[in-house]
Amino acid sequence: MNALPSISAQIDEKIIFKTLRKNYTYLAPSFISLISNWLVNSYKNYNDIDKYTIIIYLVSKDLFFYRKNGINIDYNAFYKERTLEIEKINISDISKDLEIPKESVRRKVAELEKIGVIKKLGKKMFLNRSAFHAVQAKTTLSDLCTLLYEFNKILKKDKLTNNIFTVNQINKSIKDNFTFCWHHFYKFIFIYLKRWKKELKDLETFCIGMVLVVSAAHNKDFKTSKSTIKSWREEIMGSDTRGVNAMSISEITGIPRPTVVRKLKWLIEKKILKINEKKLISLNIKDNAFKRSAQIQEKNMLSLSYLIHRLFNQIKVINS
């Protein structure tokens with residue numbers, strides 16, 4: 001009989017939250033890459049992030065069912081099936097949970113049915129193979145493993161753990177406990193997206209904004225005086241002296257250039273971005289927009305700490 005997992009191996013969520021805020025500079029590149037890549041890939045699948053979000057919402061209902069009934073399905077078994085049976089679609093629930101207008105949900109679901117992504121067989125409904133392939137955790141899984149690995153290094157640096165798991169070890173643990181891990185990841189992503197969507201009107205605007213955040217964060221000249229989230233938030237503003245043009249943003253995101261230009265104009269008017277004489281755009285949140293974004297970021301750090309708490313502790317306890 002295998003030894004029982006060590007309860008003392010787990011790390012308290014409050015410690016994780018405190019560690020996140022104290023060391024955010026080290027974690028920011030991998031975290032914002034995770035979010036930006038997720039948004040870009042979501043749009044490229046259906047040219048509509050809300051449609052993609054509706055699909056993963058339906059998948060999340062199955063993950064919740066498995067979690068509620070103590071059923072664990074690994075990565076390979078989960079994606080082996082050609083279709084995924086889903087509960088009867090309740091337009092009102094989707095609208096409420098994702099904060100998308102009911103008529104928009106109804107129209108987008110109808111469009112997904114029309115192209116065969118959602119299929120009805122009698123009283124049952126299924127996501128077909130193309131949808132299953134579209135939502136398969138590939139880039140996101142890799143990005144999430146990198147995020148957890150970077151966080152693990154921070155814990156080791158702060159002497160909160162003795163071990164550093166490799167990216168491959170983390171990947172294997174998530175894949176072995178896939179439905180548990182992805183249930184919690186989807187919970188996080190829904191909460192995270194709703195907060196920014198409320199502030200920025202739609203997820204395509206957020207996607208465009210994240211491209212500018214990534215550009216600033218990965219600027220080799222960007223250095224913060226401290227590692228805290230407060231310093232990172234304050235000092236990244238206006239730090240990108242190069243900027244990005246609308247055409248590049250369109251090519252990165254897949255969003256048509258006229259749409260990108262329109263949304264950039266709105267973000268500039270709201271004092272979230274700035275544009276220079278060469279028509280290059282960069283991150284520079286000011287005034288009330290900065291205060292609101294700081295409040296959203298603090299809430300999101302709580303949500304991220306919960307996600308890391310659930311996933312990292314599972315990896316740590318299982319491997320202890």
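## Surroundings of Glu204

Leaving aside residues up to four places away in sequence, Glu204 is in contact (heavy atoms within 4.5 Å) with Tyr43, Asp48, Ile49, Ile255 and Lys263. Glu204 belongs to helix α11, residues 203–217; helices are DSSP runs of H or I with at least four residues, numbered from the N terminus.

Glu204 is buried but has no salt bridge, and Lys263, the nearest side chain of opposite charge, is 5.5 Å away. Buried denotes under 20% relative accessible area, exposed over 50%, and partly exposed the range in between (1.4 Å probe, protein chains only). For charge, Lys and Arg count as positive and Asp and Glu as negative, while His and the chain ends are not counted.

## Basis of the values

The model is predicted: local features need pLDDT of at least 70, side-chain atom pairs count only at pLDDT 80 or more, and totals for chains, interfaces and linings use all residues. Residues are numbered from 1 along each chain as its sequence is written, and side-chain values use heavy atoms, with hydrogens and water left out.

## Salt bridges

A salt bridge requires a side-chain nitrogen of Lys or Arg within 4 Å of a carboxyl oxygen of Asp or Glu; the count is 16. One of them pairs Lys22 with Asp158 at 3.9 Å, N to O. Lys22 lies in helix α1 (residues 13–22) and Asp158 in the loop between α8 (139–157) and α9 (167–176), so this pair ties together parts 136 residues apart in sequence.

Within helix α8, Lys153 and Glu150 are three residues apart, about one turn of the helix. Their closest N and O atoms are 3.3 Å apart in a salt bridge. Lys153 is partly exposed at 33%, as is Glu150 at 22%.

Terms used: Helices (H or I, at least four residues) and strands (E, at least two) are DSSP runs, numbered from the N terminus.
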